[in-house]
Each structure stands twice: as structure tokens, then as C-alpha cells.
Amino acid sequence: RHLLPRLLSEELRLYFTRVTLAVERGSPAQVDAALLSVGRDSGIQELVPFFVRFVAKSIYDNLGKPEKCTTLVRLAGRLVGN
């Protein structure tokens, strides 16, 4: 989760943190809002490598939790759709 400050603006770092926290620990409504945001917001292309790394690591860490893995795949799908 460590984002290099010289690579990303404070706004993008905050956005990434909020989305990943919602996906990891949020209520279903927060998860849906985060995924909707990722699918619609422009200007997040710089975050794609960070989101890909987050999704890959999180799926590996949650292999026994199908609901969590489904949410992570939904996040990846939203990134692709954006």
C-alpha cells in the first residue's frame, strides 16, 4: 500500500487508499460506491499499476474467501471498463 509520493499526487494517493480500504473493510454499500467510482472517474490511469498489484496480492491472500475474491475481480473489471 506504500505509494511513492514522487510518482502520485496527494489526491491520487488518497483516492487509492479510500478505494482499497472500502474494498478490504467496507460495508456492501461502501464497496459498491468505490467500485462505481473506479468505473466512472477519469484521470486515474496513473493508479492502474497500483490497483493491479493490490488486486493480485489480495486475491492470493484471500483464496479461501470467494466473496472477497469476487469483489476484487469486480474491481479489476471496473478498471478495464474505465
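Which residue forms a salt bridge with arginine 74? The partner is aspartate 32, with the closest N and O atoms 3.0 Å apart. A salt bridge here is a side-chain nitrogen of Lys or Arg within 4 Å of a carboxyl oxygen of Asp or Glu. By this rule the count comes to 3 salt bridges.

This is a predicted model: local features need pLDDT of at least 70, side-chain atom pairs count only at pLDDT 80 or more, and totals for chains, interfaces and linings use all residues. Residues are numbered from 1 along each chain as its sequence is written, and side-chain values use heavy atoms, with hydrogens and water left out.

**Salt bridge between helices**

- Arginine 74 lies in helix 4 (residues 66-81) and aspartate 32 in helix 2 (residues 28-40), so the pair ties together parts that are 42 residues apart in sequence.
- Helices (H or I, at least four residues) are DSSP runs, numbered from the N terminus.
- Arginine 74 is partly exposed at 37% relative accessibility, and aspartate 32 is partly exposed at 40%.
- Buried means under 20% relative accessible area, exposed over 50%, and partly exposed in between (1.4 Å probe, protein chains only).

**Salt bridges within a helix**

- Glutamate 10 pairs with arginine 13 in a salt bridge, and their closest N and O atoms are 2.4 Å apart.
- Both residues sit in helix 1 (residues 10-25); they are 3 residues apart, so about one helical turn separates them.
- Glutamate 10 is exposed at 55% relative accessible area, whereas arginine 13 is buried at 18%.
- Lysine 57 forms a salt bridge with aspartate 61, with 2.6 Å between the closest N and O atoms.
- This pair belongs to helix 3 (residues 48-61); the two are 4 residues apart, so about one helical turn lies between them.
- Lysine 57 is exposed at 53%, and aspartate 61 is partly exposed at 46%.

**Nonpolar core**

- In soluble globular proteins, nonpolar side chains tend to be buried together.
- The largest nonpolar core has 20 residues.
- Such a core is a set of buried Ala, Val, Leu, Ile, Met, Phe, Trp, Tyr and Cys residues joined through side-chain atoms within 4.5 Å.
- Val19, Val38, Leu47, Phe51 and Leu75 have the most contacts inside this core.
- Helix 1, helix 2, helix 3 and helix 4 are the elements that give two or more residues to it.
- Helix 1 gives the most, with 6 residues.

**Contacts of phenylalanine 51**

- Leaving aside neighbours within four places in sequence, phenylalanine 51 is in contact (heavy atoms within 4.5 Å) with Tyr15, Phe16, Val19, Thr20, Val38, Leu75 and Leu79.
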